[in-house]
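Trainee: I have a structure to go through. Can we take it one question at a time?

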Amino acid sequence: MNFLPFDKDFLETTADIVNPLLVVWFLVAFLWRVRTDRSFRGFGFFMRAFLALLVSFGLGRVNGELEIWRGLPLDPGDYEFPSGHMCFAVSLGVSLVLLYRRFVFLVVPLLALYGALIVFLGYHGWLDVIGAWVLMAPLAWIIHKEARRKLQQPIES
């Protein structure tokens, strides 16, 4: 029984465009910030965001290799905690919010909708999605803050 006014294909297409949309949004906002703010250190910020994305990719994949936590109980051979989809999206979302704080009012609802979509479509369970938020949001923030602090320290000879 379909209680939504949308069919499953529309929801799958919507879920499939969220991560590419976040990537494009990040790149446009990043280039805009570099163009308009002369004091902004673009290369360092871009490298910190890239590092956070690499960590999110690894976090999403490491459990698949180590088989620590099983994903949905409906598919016992699937190891999906935390959701790699959400780890990637949350990492980009944190980078966007650190780039422009006012984006928080757009990023958080978009990520909540994305999480609900991937649960509704059966890609992940709620625990996988919430686990990605709980693990990746603070981790991405720490990566940004600590890498920035390390890059600003003088080099000792």
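Trainee: How are helix 3 and helix 4 oriented to each other, roughly parallel or roughly antiparallel?

Mentor: This is a predicted model, where local features need pLDDT of at least 70, side-chain atom pairs count only at pLDDT 80 or more, and totals for chains, interfaces and linings use all residues. Residues are numbered from 1 along each chain as its sequence is written, and side-chain values use heavy atoms, with hydrogens and water left out. The axes of helix 3 (residues 84–99) and helix 4 (residues 104–120) come within 10 Å and cross at roughly 175°; helices are DSSP runs of H or I, at least four residues, numbered from the N terminus, and axes are lines fitted to C-alpha atoms over the stretch in contact, with angles from 0 to 180 degrees between N-to-C directions. Angles under 35 degrees count as roughly parallel, over 145 as roughly antiparallel, 65 to 115 as roughly perpendicular and the rest as oblique, so helix 3 and helix 4 are roughly antiparallel.

Trainee: Does L98 count as buried or exposed?

Mentor: L98 lies in helix 3. Buried means under 20% relative accessible area, exposed over 50%, partly exposed in between (1.4 Å probe, protein chains only). L98 has 16% relative accessibility, so L98 counts as buried.

Trainee: How far apart in space are L98 and W141, C-alpha to C-alpha?

Mentor: Leaving aside neighbours within four places in sequence, L98 is in contact (heavy atoms within 4.5 Å) with residues including W141. In sequence, L98 and W141 are 43 residues apart, and their C-alpha atoms lie at a separation of 8.2 Å.

Trainee: Which residue forms a salt bridge with R33?

Mentor: A salt bridge is a side-chain nitrogen of Lys or Arg within 4 Å of a carboxyl oxygen of Asp or Glu. The whole structure has 1 salt bridge. With the closest N and O atoms 3.1 Å apart, the partner of R33 is D37.

Key. Helices (H or I, at least four residues) and strands (E, at least two) are DSSP runs, numbered from the N terminus.
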